[in-house]
Structures are given as structure tokens and as C-alpha cells.
Amino acid sequence: MTAVNIGIPRRSPLPDVSGRPADPHLLDRFGRVATDLRVSVTEKCSLRCTYCMPEEGLPAIPRALLLTPAEIGRLVGIGARDLGVREVRFTGGEPLLRADLAEILAATRAAAPGLPMALTTNGVGLDKRLPALLDAGLTRVNISLDTVDREHFARLTRRDRLPAVLAGIEAAREAGLTPLKVNAVLMRETLDDAPDLLAWALDAGVQLRFIEQMPLDADGVWSRESLVDAAELLAVLGRRFELEEVGRDDPHAPAEEWRVRSRGATAPATATVGLIASVTRSFCAECDRTRVTAEGSVRSCLFGDDETPLAPLLRGGADDATIADAWRAAMWGKQAGHGMDEADFHRPKRSMGAIGG
Ligand code: SAM
Ligand code: SF4
């Protein structure tokens, strides 16, 4: 077992920006432009998914190091106004565990009016929080759910909270937050539950997307050999559904869409299921993401350990232009891809819950 991956981010020197064109956007050396911002707001979580968190949870980030709603609002405002950010998604850990999440959204809306604000959540407690979040400007929500088998859910997440997740999904649907995306990580233990999960999603009218597990579990047990890949999933789903590939409507969208209908059904297939083959069919060449950790460091890639702390600038009186330049420099240094297929691949030091997925 490897050490738990979190801590005060390493202060890396700003990447060398020689050769960078004088362009305000978040460019990198491989011709990509980041426009999709993910902001982690906490390392805490109400679940302990085995592919993400250690059983005891991640070590707590000292409260004073967490960005405040005003700081998050200021950063997102700089992103939207000066750097070309077109959408922000709040994540974690579990963002609903920030009691001030509505304040974070409100501060962001004030700093970046009109910017779509999404949430990635496990759904636990969402039903109760949703009205305040909607009032604060939330526009979209993605919910994570790997199986609708209660016992399997409890084993995989180490918490018996399936009913709470389903209540969260129902509340989001009732609030009209559509299209509602539900993300499921492909795990060997729940692979046989995939057809039931898809049948549930079709019935509930939510867009299900399966994601290949990445080597970002805090326990460090991921292995390429035991990976459930997209091909294996399609074989399992194919026993019960007819599937037809429709591809991607947006080249930056990570999910490949498949039209789906139950075997034997006569009506034309209108529903789709998404497949995010992050390991076997990497979309790094099209990546348009930039990430900010809960302590305010820019992380240009999930798989790169280099982080550029913006908190000292935010808290040290720097003006917006200086912060924007540091962010641009951080993204210019983004690596080409996750490198999982290379012999010298190293897992990142932080796990998914500590980066913000
Ligand atoms: N707690 C929230 C949730 O679960 O939606 C937000 C944070 S979670 C880290 C964000 C997303 O990352 C979830 O959809 C989760 O399933 C996914 N995830 C976590 N660990 C992963 C891994 N090792 N490989 C692929 N996806 C992972
Ligand atoms: Fe928590 Fe989300 Fe990680 Fe599961 S995937 S442990 S819900 S942060």
C-alpha cells in the first residue's frame, strides 16, 4: 500500500514561458487551450469509494489553507474574464460537505456573471441543499453512482447510503436540472450490475456514463491487468441491450456515445449511454481542462504532480493581472498526456479525492 496522497502542495517554480505567444488564453505547448475549470472545494467526503479514498478518509486540510468563497469567486472571475474559462465545475472530495457551498456559488456568480456553474457530487444530502444552491446560481449537476444494488453499493463506497444518493438524483430531476448526467466507475466487483444500472438510468431518464478506473485510488491498488475496460463493459451490456456507436458530438467531450435499446424492443432507440475510456482510449490530445485544488494551486493535468500555488498571490496582495500570468504559466507547462502506457509512468502523488475529479 502506498502512502496517502495529500498534503500541502509542492511549490514548483513557474514553468519556463519562453516561446509562449502573447495570447491571453490558457495555452499549452501542445496547441491545446483550457476553457473548462474544475475547482476542488474540500478533501472531505461522506463516502469512501475504494477507487478514490482510503478507508479512514484523507488527512484534513487545515481550515486556514482552504480557499474562502471570496477567494474562489475572485479566481473564477479572473479565469472567466481574462483567461477564456467558459465553465466552472465544483468538485472535491464531496463539495456538499462545504457548509458554505452556496456562498461559494454566489461569490462566483457575482465575479463571473453568466458563467455556467456545475457541481460533481455523490448526491448524499443533495435533496436538502438543492434549493439554496439553485438560488445561488447552480446550473448543472453530475452525480456519481456505480450500482443500484444496495449491498454492492455499501461495499464499494464503504457506506450504506444508496437511498440517499437516489433521493439526491430525484431532487435534481424534479428541479429540472437536465440533462442529468450520472457517472459510474467501472469496477470488477460491480461489472455484472452494469445492465441493471443502465436499465435504471433509461427508466429514470438520466444520462449514464461509464468511466474506466484511473490509477488515482489513495490505496494504490489499481493495476492495468485488472482494469475493466470499455470493451469488456460493452460485452456485458450487449447481453441485454442493442448498442450502436454514435461517437462524440463535441471533440472535447470525453464520452463516446452509444445509442441503446433493450433487446427485442420494437421502438427506435432514442436513449444513449456514454463511455469514457480514459485509460484505453485517452483523450489527452483534446483535453481542455484546468484545475484548482482546494488550497488554491493550479494543476494543469490530473497526472502531473507539478502544482502552481496561487494562494500566496491571492493572500499577498497581488493584482489580478499577476495572478492571471501565474495561471497562464502553469498551463503552458502542461504535459502531453497521462503517460500510463510509458515504462516510466508514475502515479500522481495525490489521489482523485485530493485533486478534485
Ligand atoms: N464526491 C464527488 C463525486 O463522487 O461525484 C466529487 C468528487 S469525485 C473525486 C469526482 C468523480 O471522480 C466521480 O465521478 C468519481 O466517480 C470519479 N473518480 C474517483 N476516483 C476515480 C478513479 N480512480 N478513476 C476514475 N474516476 C474516478
Ligand atoms: Fe467521495 Fe467522490 Fe471519492 Fe467517492 S469518488 S470517495 S464520493 S470524493
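Which of the 18 residues around ligand 1 come nearest?

Author: The model is a predicted one. Of the 18 residues around ligand 1, those that come nearest are Tyr51, Gly93, Glu94, Ser144 and Met214.

Polar atoms of three of these residues can be described individually. At tyrosine 51, a backbone N or O atom lies 2.9 Å from a nitrogen atom of ligand 1. At methionine 214 a polar backbone atom is likewise involved, and a nitrogen atom of ligand 1 is 2.9 Å from that atom. Serine 144 contributes through its side chain, where an N or O atom is 2.6 Å from an oxygen atom of ligand 1. On its own, ligand 1 has 540 Å² of accessible area, and the protein covers 94% of that area.

The shell around ligand 1 may also be considered by composition and by element. By class, the shell has 10 polar, six nonpolar and two charged residues. Two strands, β5 (117–121) and β7 (181–186), each supply at least two residues of this shell.

Ligand 2 has surroundings that include two residues already named. Tyr51 and Gly93 are among the residues around ligand 2, and both are also listed among those that come nearest to ligand 1. The shell of ligand 2 divides into six nonpolar and two polar residues, with no charged residue.

Helix α3 (residues 126–135) packs with helix α5 (residues 162–174) at an angle of about 30 degrees, and their axes are 8 Å apart. The two helices therefore count as roughly parallel, since angles under 35 degrees are classed in that way. On the α3 side, the contact is made by Leu126, Asp127 and Leu130, and on the α5 side by Ala167, Gly168, Ala171 and Ala172. The residues of this contact comprise five nonpolar, one polar and one charged.

Arginine 158 lies in the loop between α4 (150–157) and α5, and its phi is near 60 degrees, a positive value in a residue other than glycine. Proline 179 is placed in the loop between α5 and β7. The peptide bond from threonine 178 to proline 179 is cis, with omega near -5 degrees.

The axes of helix α6 (residues 194–204) and helix α7 (residues 230–238) cross at roughly 70 degrees and come within 9 Å, so α6 is roughly perpendicular to α7. In this pair, Ala194, Pro195 and Leu198 of α6 meet Leu233, Val236 and Leu237 of α7. By class, the contact has six nonpolar residues, and no polar or charged residues.

Methods:
Residues numbered from 1 in each chain as written. Chains lettered and ligands numbered in written order. Predicted model: local features only at pLDDT ≥ 70, side-chain atom pairs only at ≥ 80, totals over all residues. Heavy atoms only, no water. Axes fitted to C-alpha atoms, helices over the stretch in contact; angles between N-to-C directions. Helix = DSSP H or I, 4+ residues; strand = E, 2+ residues; numbered from the N terminus. Parallel < 35°, antiparallel > 145°, perpendicular 65-115°, else oblique. Contact = heavy atoms within 4.5 Å. Nonpolar A, V, L, I, M, F, W, Y, C, P; charged D, E, K, R; others polar. Near = heavy atom within 4 Å. Polar contact = N/O pair within 3.5 Å; in protein donor to acceptor, adjacent residues only side chain to side chain. Areas by Shrake-Rupley, 256 points an atom, 1.4 Å probe, with all protein chains shown as cover.
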